[in-house]
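Hi,

Here is the model I promised to pass on. Have a look at it first, and then read on for what turned up.

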Number of protein chains: 2
Amino acid sequence: MPFFYSGKQLKSLNMSQLNSLCEDLRQKILSTVLKNGGHLSSNLGAVELTVALHYVFDFPEDKVIFDVGHQCYAHKLLTGRAEKFDTLRKKGGISGFPKREESEFDCYNTGHAGTSVSAALGIAKARDISGENFNVIAVIGDGSFNNGLIYEAFNSLRLLNTNILVILNDNGMSISPTVGSMHEYLEFLSENDEHVAKRNKHANIFDRFGFKYDGVYDGNNLEQLIQKLTEIKERLKHESVILHILTKKGKGYEFCEEDPEATHGISVSSSDNVSTEYSKVFGETLCDLAKDNKNIVAVTAAMTSSLGLGEFFEKYPQRSVDVGICEEHATILCASMATEGLKPYYAVYSTFLQRSFDEIMIDICSQNLPVTLCIDRAGVSGADGETHQGVFDLSFLSMIPNLTIAVPKDINEFKAMLKFSADFNYPLAIRYPRAGKRVFKVQSKIVRGKWEELSSNENADVAIIACGERAVTDALVAMQILEERNINVKVINARFVKPIDDEMLASLKQKHIVTVEDNMLAGGLGSLINTFYANKDKIIKNFAYPDEFITHGSVAELMNDYKITGKYIAEYIINAIR
Amino acid sequence: MPFFYSGKQLKSLNMSQLNSLCEDLRQKILSTVLKNGGHLSSNLGAVELTVALHYVFDFPEDKVIFDVGHQCYAHKLLTGRAEKFDTLRKKGGISGFPKREESEFDCYNTGHAGTSVSAALGIAKARDISGENFNVIAVIGDGSFNNGLIYEAFNSLRLLNTNILVILNDNGMSISPTVGSMHEYLEFLSENDEHVAKRNKHANIFDRFGFKYDGVYDGNNLEQLIQKLTEIKERLKHESVILHILTKKGKGYEFCEEDPEATHGISVSSSDNVSTEYSKVFGETLCDLAKDNKNIVAVTAAMTSSLGLGEFFEKYPQRSVDVGICEEHATILCASMATEGLKPYYAVYSTFLQRSFDEIMIDICSQNLPVTLCIDRAGVSGADGETHQGVFDLSFLSMIPNLTIAVPKDINEFKAMLKFSADFNYPLAIRYPRAGKRVFKVQSKIVRGKWEELSSNENADVAIIACGERAVTDALVAMQILEERNINVKVINARFVKPIDDEMLASLKQKHIVTVEDNMLAGGLGSLINTFYANKDKIIKNFAYPDEFITHGSVAELMNDYKITGKYIAEYIINAIR
């Protein structure tokens, strides 16, 4: 027996066999995620849908795009990746997200929310232009459905003059419960199932955009799904359909169904996360600051608890805003609230902040408004891979005028920076990783643009300039290794990447400069220092990520692969000053 | 008599005086724009609306945000800026867009589309939190209304639990005619005025989001506008309203009403634009290439003709896509069409491409797809100011793995690069300014990542490395000045900013290196070269824009202010090698 049926095999199963396949898939997903970490509840909820899709449609000729991609595990298991599934999210193993490189059944890579309908339209349009004939399906959750991209895509369906199927997999949750009027409207639609005739007469929102609306309100019922999809497959020849299905996030396991927020993503214990979480420190400190400062407001885009803001939202509901997965809108809300004297803190993962690049520049920074960006999961973020690494933020932020960028070396400095931010009346970004492991001895006062010497050896041959806990730790590990060989280095904590500490840089006597950061080389700390010294006689070595996308693996593995560790820094220095 | 009535004076006028005020405003706008350039038709269409707003509401206590801001001239004339209006868009004069720095009547700076409703919500939310009491109004055109930000903002109205007025100024045009289903729906609403009762009963889309829909379908009728706004002002105490008004773009002048696309923005002759337009060359060359390559498709976001694609869209309608002002969606369409073997060209202004940063990275580049970004209006773009300068693109693109960045030194090289792109199967960006002025003698074959020597003086003391027509011109002007003083320089055309030409850089014997670019220093060409030479004994001087937002002025004025000219380069070199 094949481990998991796929393709034609699957199509020959009867309903009872198909249901039992669903149970097998669910079991395999659970056991793997408990071991490897990953998205759990969302994958469990989409099992029946995935089996129904594979039963009714013909992949890879037909194309399915999973929005965000955090519900593609059953699809992977059904498309030849069952035997390797134990390597899920492991370095060199299969990715937790759809990957074209991995399988012809993955037609479009996803990772950030809201792209699936646009991608489905592009693929369908290409099909029409090329005179081909296959079906294109976007599977999107109700959380992603809040994103503005959806509107842009829906709005263009008619002018693209093509047919696609959008399956709205509605489980009432993003990571947090889904918010917003669209979701209320979806509830209205699904609750009024008995009034289908009436509803269809008074065209609903989706009809306006050229989609025929249909629903399967028990979206974990395989038989109903298969029946409806079979019917829709015919209709796709002449129209676009949005199929609204209600699924149970975490379906099949009580502990998941009861707490889908906590079981959305599962982390397994590893050196990556057995430690203090910056998000926790962030939430606690912001609550403290908000006591004395009534102007402080907290804004998030659908990730309240994972950003550490659960307590703040409970304590200060009037000053808390979660707009759903709308990073751009959230950024403008912060900027505009600041024009009226409020003090907004926008908490967001580094990788998702990329969506706000234009708004950070135009809305916040060109108006020079006191918004604080609290950028979590900065640096390599590990097992989620290419689409989730937070290694670009220093680069895309450092080019923006009026913005100050702070990078704490540990959680104590992070707290101090948050306190500093409360009285700082200009745009500020603070970037930090998920996990904190160390607390350093030196803790000097935070002054904008001023760095800190962690070891003040004036006779040092080399100055190591590092920012952020991981890089500063590496620098100090290198220092220790070098001390054993009687090589003296000076270690500097570049706690502001913007502005850089010109004065300290100008005063450094060392000819050899080493920079270390958990960010891309282009545009990051090292690049700024290279520019500062462009007309000076220095020998500079940059430790940073090179010009390539960084795949999945543990943080430690990735930093080692890219040689951003104390050992490699020490090795370089030993050779350089020889 | 005050030149233009404002505040309380305006409120004391009778209807006949108000109508005559509208005529005066219109006259002043026309005469100024014909002299200074600027947005014409959109401003003419919004005169009555602006007068009505000032008559009914109390600014600056009440707040009005103009989306994009290209319809704020009447507002400026009514708020103390009439006497300085002759300086519109001139260096040191008043801006063509709302500016908080300029007047307390401008509460929020705009420039890019779709931000006004989010900003209005943020300001209203801040008002509620602070326990204040004023009205907040967003004025948005139907073109901007296609942008996904609108959906994100509308979707959050109820959860923000606040009241605003959105005025949808519908003239049927972006710069090009407005496309998309939302616009068709707006037509449906306004055409069915007689069925108001019925329409209200079967809640329309806006009701779903918590807005009460209302309309004034002759939006240039001052009396009707005043009456409706007076009524709405009361309703804003307890609800949010969207007021749909139909206005005539270019209202009042036949030549504008008849060709609102051509009179959307007026350019006045200056050294900035008496020359070949890159957009024209782009359109012609792409048409040529498309003859032989059936896979070529062209995608734009509401700017077909200003990007030079009018002819392409006429010749190849099946392979042409204009999705409206949806830069992100357009980017994903390109990526997804490329997965199916098409060869998409996405043409866009540099400043608006900022909206696509995340999609360029995740959708195009992390999938390594053969999409060509054709980036127009790169470098300083002149009179539109801070929100429209194209000086960030080299920086935000150069950090993205898998992307090749080409920068032509003149229109001939631009043509060659477009031809090169047709056979290049990876992500590619080509950035170019609006106007071309020169054609250089040297025209060598385009090879990815290979630079070109424009003067091969091996005994030169200094190497000048420049990219793009403006910077290369500066470099050659500097060379000429220096030749007169018997100083020899080598000039290199860095026609690929990514990858840089490592081999050529490694082979340069000159100790003195000068870099020149029409881009920010951070992350641009100079920064990449500084990093290349970080461990080499070179003296490098970077000519680029510093870390500040660049205000309005002519291209020549701005480049001179920032000392990016041949004269300054020559001066630096004379001092440096002394």
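To compare the copies, they were superposed by least squares on the C-alpha atoms of residues with pLDDT of at least 70 in both. Please keep in mind that this is a predicted model, in which local features need pLDDT of at least 70, side-chain atom pairs count only at pLDDT 80 or more, and totals for chains, interfaces and linings use all residues. Residues are numbered from 1 along each chain as its sequence is written, while chains are lettered from A and ligands numbered from 1 in the order in which they are written.

**How the chains meet**

Chain B is superposed on chain A by a rotation of 180° with 0.0 Å of shift along the axis, at an RMSD of 0.0 Å. The two copies are thus related as by a two-fold rotation axis. In chain B, the residue closest to that axis is G148(B), with its C-alpha at 1.9 Å.

Between the chains, 92 residues of chain B are in contact with 92 residues of chain A (contact means that the C-beta atoms, placed from the backbone, lie within 7 Å). Helix α7 of chain B, residues 148–160, gives the most to chain B's side, with 11 residues. Helices here are DSSP runs of H or I with at least four residues, and strands are runs of E with at least two, numbered from the N terminus. 100% of the interface residues of chain B are also interface residues in chain A, so the copies meet through the same surface.

**Domains of chain A**

An automatic or database domain assignment gives chain A domain 1 (7–266), domain 2 (276–436) and domain 3 (452–576). The centres of domains 2 and 3 of chain A, taken over C-alpha atoms, are separated by 26 Å. Their contact takes 26 residues from domain 2 of chain A and 29 residues from domain 3 of chain A. On the domain 2 side, α18(A) provides the largest share, 4 residues.

**A sheet in chain B**

What is the strand order of the open sheet of 7 strands in chain B? The order is β10-β9-β11-β12-β14-β13-β19, with mixed pairing; two strands pair if DSSP finds at least two bridges between them. β10 (320–322) and β19 (496–498) of chain B stand at the edges with a single partner strand each, so one side of each is left without a neighbour in the sheet. Further in, β9 (296–300) and β11 (343–349) of chain B run parallel and are joined by 4 bridges. I296(B) has K343(B) in β11(B) as its bridge partner.

Enjoy exploring!

How values were computed:
Contact = placed C-beta atoms within 7 Å.
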